[in-house]
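Please open the structure in your viewer and keep the selection panel at hand. The tour below moves from one selection to the next and says what is to be found at each.

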Amino acid sequence: MYVWPCAVVLAQYLWFHRRSLPGKAVLEIGAGVSLPGILAAKCGAKVILSDSLELPYCLEICRQSCQMNNLPCMQVVGLTWGHISQDLLALPPQDIILASDVFFEPEDFEDILTTVYFLMQKNPKVQLWSTYQVRSADWSLEALLYKWDMKCVHIPLEAFDADKDDIAESVLPGRHTVEMLVISFAKDSL
């Protein structure tokens with residue numbers, strides 16, 4: 001468990017939009033060490049961190065990140081993409097869903113979007129702020145976004161000062177190709 005290049009880029013996007021975060025309900029999915037979620041909380045958002053219910057070690061890493069960043073009361077829940085659970089049903093409506101490098105394995109893409117779609121039913125104006133590392137030109141979300149009535153806006157990295165080999169004195173993202181997306185329901189305008 002470590003900070004992936006995509007997490008640094010997503011954290012930079014959050015920092016760029018930090019003045020809009022106070023009071024927002026934010027859920028980070030696939031949180032791992034939780035850099036974006038921790039930053040959102042430090043900027044005043046009401047954050048819930050989540051990782052797979054099937055990976056208790058990942059949930060413990062989320063809790064440790066909260067402790068190390070003086071956020072011991074932050075809620076951590078187990079959510080497995082594509083599965084309806086009590087924790088998923090109990091989540092309040094969210095304003096922003098954060099996802100850093102969750103679009104890693106193509107076989108998980110639809111389960112992720114299914115979970116996001118369920119959360120969008122609670123608040124149709126919610127946005128998924130997601131970064132992913134380009135690993136294959138053959139991988140695409142386009143057909144799945146269409147199937148789930150979602151749209152995607154690509155945010156150029158230079159629009160939020162993330163077009164460098166190093167961000168915030170970190171050597172990440174380095175030379176990795178990272179993309180920033182904002183996903184929402186197709187019928188809503190950004």
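Begin with helix 3 and what lies over it: the cover of its buried residues (under 20% relative accessible area, 1.4 Å probe, protein chains only) includes helix 2 (35-42), strand 2 (46-51) and strand 3 (75-78), where helices (H or I, at least four residues) and strands (E, at least two) are DSSP runs numbered from the N terminus. This is a predicted model, in which local features need pLDDT of at least 70 and side-chain atom pairs count only at pLDDT 80 or more, while totals for chains, interfaces and linings use all residues. Residues are numbered from 1 along each chain as its sequence is written, and side-chain values use heavy atoms, with hydrogens and water left out.

Next select Cys58, Leu59, Ile61, Cys62, Ser65 and Cys66, the buried residues of helix 3. Seen down the helix axis, they fall within an arc of 155 degrees (taken from the directions from the axis to the C-beta atoms), so they line one face of helix 3. On the face turned away from that buried side, select the exposed (over 50%) residues Pro56, Tyr57 and Met68. Just after helix 3, asparagine 70 takes a positive phi of about 55 degrees.

Now move to aspartate 51, in strand 2. Aspartate 51 is buried but has no salt bridge (a side-chain nitrogen of Lys or Arg within 4 Å of a carboxyl oxygen of Asp or Glu), and the nearest side chain of opposite charge (Lys and Arg count as positive, Asp and Glu as negative; His and the chain ends are not counted), that of arginine 63, is 10 Å away. Finally, display the backbone nitrogen of glycine 32, which the side chain of aspartate 51 reaches at 2.8 Å.

Methods:
Contact = heavy atoms within 4.5 Å. Polar contact = N/O pair within 3.5 Å; in protein donor to acceptor, adjacent residues only side chain to side chain.
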